[in-house]
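Please keep the structure open while going through them.

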Amino acid sequence: MEEMEEELKCPVCGSFYREPIILPCSHNLCQACARNILVQTPESESPQSRRASGSGVSDYDYLDLDKMSLYSEADSGYGSYGGFASAPTTPCQKSPNGVRVFPPAMPPPPTHLSPALAPVPRNSCITCPQCHRSLILDDRGLRGFPKNRVLEGVIDRYQQSKAAALKCQLCEKAPKEATVMCEQCDVFYCDPCRLRCHPPRGPLAKHRLVPPAQGRVSRRLSPRKVSTCTDHELENHSMYCVQCKMPVCYQCLEEGKHSSHEVKALGAMWKLHKSQLSQALNGLSDRAKEAKEFLVQLRSMVQQIQENSVEFEACLVAQCDALIDALNRRKAQLLARVNKEHEHKLKVVRDQISHCTVKLRQTTGLMEYCLEVIKENDPSGFLQISDALIRRVHLTEGQWGKGALTPRMTTDLDLSLDNGPLLQSIHQLDFVQVKASSPVPATPILQLEECCTHNNSATLSWKQPPLSTVAADGYILELDDGSGGQFREVYVGKETMCTVDGLHFNSTYNARVKAFNKTGVSPYSKTLVLQTSEDTDSEEQTLPFPVPSERLPLRRMSPFSSTLNLQPSFPGRSYFDFRSSPHQLSLHSSLQSLNTPGCNFETQSASYSQLVAWFAFDPGSAHSDIIFSNDNLTVTCSSYDDRVVLGKTGFSKGVHYWELTVDRYDNHPDPAFGVARIDVMKDVMLGKDDKAWAMYVDNNRSWFMHNNSHTNRTEGGITKGATIGVLLDLNRKTLTFFINNEQQGPIAFENVEGLFFPAVSLNRNVQVTLHTGLPVPDFYSSRASIA
């Protein structure tokens, strides 16, 4: 039950809901909290003024609210009108649970009515603190929102289940524990108070006394108020409108509000939606059970890794000590590698345990809340929230798919020490795999006719020798860092073709591949030299690089965590000629210098140069709600919430510029444009986490945002047909934004380093099209050249 508590708390006050009402977005608010966050809008924003102007905009359209407090540029970006133009604005506030809320523009006038009945100021609106949708209230005010009696019942049961032992209600000082309850008096008594205040004689002799626990149950099961229509308060709900998804009374039907809609009996729809929610919970319950078993498995893996590591370390120390002084230095190196492998495995498993525990806790809380909702006997109240709960249950169930319950790490340390080499070979001592009788696979052969590079991506293909009789279980592809550093594993698997994205532009990489099976690994293939593009407009050619006289064999490294984006590829036409030497193969996509024997190759770069790249949006890494068209150059979204989509190409060097045109812009949403890491959160606005740097903009103004910090409010927004430009200058480590070919505000972000992917976040009210391969704005090019 404890996991369910967050479901029962108001996002504004942080306490249990009191008289909750249901907003059109399916979120709940205390009635008093809803009144506290009402905002009075200018007369020009009122529904009456809109109808008078003939705009025909619905009362429930999004408001164009000022989203910055005047007190701080670094505010969150959400604020309110202060009534009229002459009224001062009020800074935003936070609720106890961290949700940004809208305070009232001015203190409400004193009234003798209760908060629930007090009149609502004219032209008032309310903004949901969870999804930030704004609604203008009609003449009914807060009474136009239905009350969530189901939620009230769940809260009552939850609080009663958490309450301590029932106390006597008539003790004057320290209340004693109650022993009985009178059903007629509805009072709990201890034995002394019962004898004194409720003697078993006279009229009181006919009262029924029951145990306290039974009395609490009878209180809980007491009949609730019959549900009444929000439009006709004297009429009970009797039918359910399928199109409007709401209970209605017979008077609503007589007035013709639902004349063309499908209307069904309230009881039948109640049973149908309860059945649907129960079926959805069955699937989620199975996932929760699997998650619990999975957690047990992960915890046992921690113990096994600990035991295997301790055992292996002991064996390693014994073998190294036998080699006396000559092995002492090597022993320290080998122990460091074992500890690194040990810590890596433990970190991966513990991180997965932590992540899975959080998801399971959230899932369990939702399940318990749904089960409590199912227990409710109020059909109309249940139907008011059932659709939203069913969607949440299906969404939560989907989060447990796609390998969520598969361990990311094995428990074994695949290392063994060979103590047979002679003392003169001690400096070459390294871990070898356990001996086996069967042979290792043959050395793979790189297929140059199927290898190519494009922009900052490289595709490599290989195969086993034609006469090889030993099967390979898989292959290991290794690349260096583009600067002649150590090799690192970028792909391990059964495929014989791989595309590596996110490489540096205008850089030279060395690649090699080896095969493996249960016996061991094969020798490395010949080293392939790859040259990524400097400018994709240049003709693609080949060029041999100097070949070193000897390449020392490099050891296989531990599993490597990289930001490189790996994806399967398909054979394509070759852009390259085959040039070989005893040790190297050369592969290039642009001519770097003259083909002169023995010459030294150096790249002379100007103070300012742009690297042009063409790319599209990436469906593989995008949120499932993103909708693609126009060869993945145009995107929109099926959800009202913000969703993130990345470009296919990552940048780590040079100057890059691309634009996005707004094809559709409805209801004043806040799309965000910028760059992000490959592991950015995909289900929130771009810039909410520390993996994205963005500008979000509405129809009037924009803000820069990174790690949920909002800065540099700038006037000037977007409409349909607007063009947003993004300039990523990794030479100067800056990010700049443009709207309609004019720079928007100052330089947005400085000191940006690493690998960045173009990124956009948007909802169903926005559609944008990507344009790439563009030169930077002229004034920026001239300014950069002068600098």
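1. Aspartate 679 and lysine 691 form a salt bridge, their closest N and O atoms being 3.0 Å apart (a salt bridge is a side-chain nitrogen of Lys or Arg within 4 Å of a carboxyl oxygen of Asp or Glu). Both residues lie in the loop between β30 (672-676) and β31 (692-697), 12 residues apart, where helices (H or I, at least four residues) and strands (E, at least two) are DSSP runs numbered from the N terminus. Aspartate 679 is partly exposed at 47% relative accessibility, and lysine 691 is partly exposed at 25% (buried means under 20% relative accessible area, exposed over 50%, partly exposed in between, with a 1.4 Å probe and protein chains only).

2. This is a predicted model, in which local features need pLDDT of at least 70 and side-chain atom pairs count only at pLDDT 80 or more, while totals for chains, interfaces and linings use all residues. Residues are numbered from 1 along each chain as its sequence is written, and side-chain values use heavy atoms, leaving out hydrogens and water.

3. Arginine 149 and aspartate 378 also meet through their side chains in a salt bridge, at 2.6 Å from N to O. Arginine 149 belongs to helix α3 (residues 149-162) and aspartate 378 to the loop between α8 (324-374) and α9 (379-399), so this pair ties together parts 229 residues apart in sequence. Arginine 149 is buried at 16% relative accessible area, and aspartate 378 is buried at 11%.

4. A further salt bridge joins aspartate 698 to arginine 701, with the closest N and O atoms 3.8 Å apart. Aspartate 698 is buried at 1% relative accessibility, as is arginine 701 at 9%.
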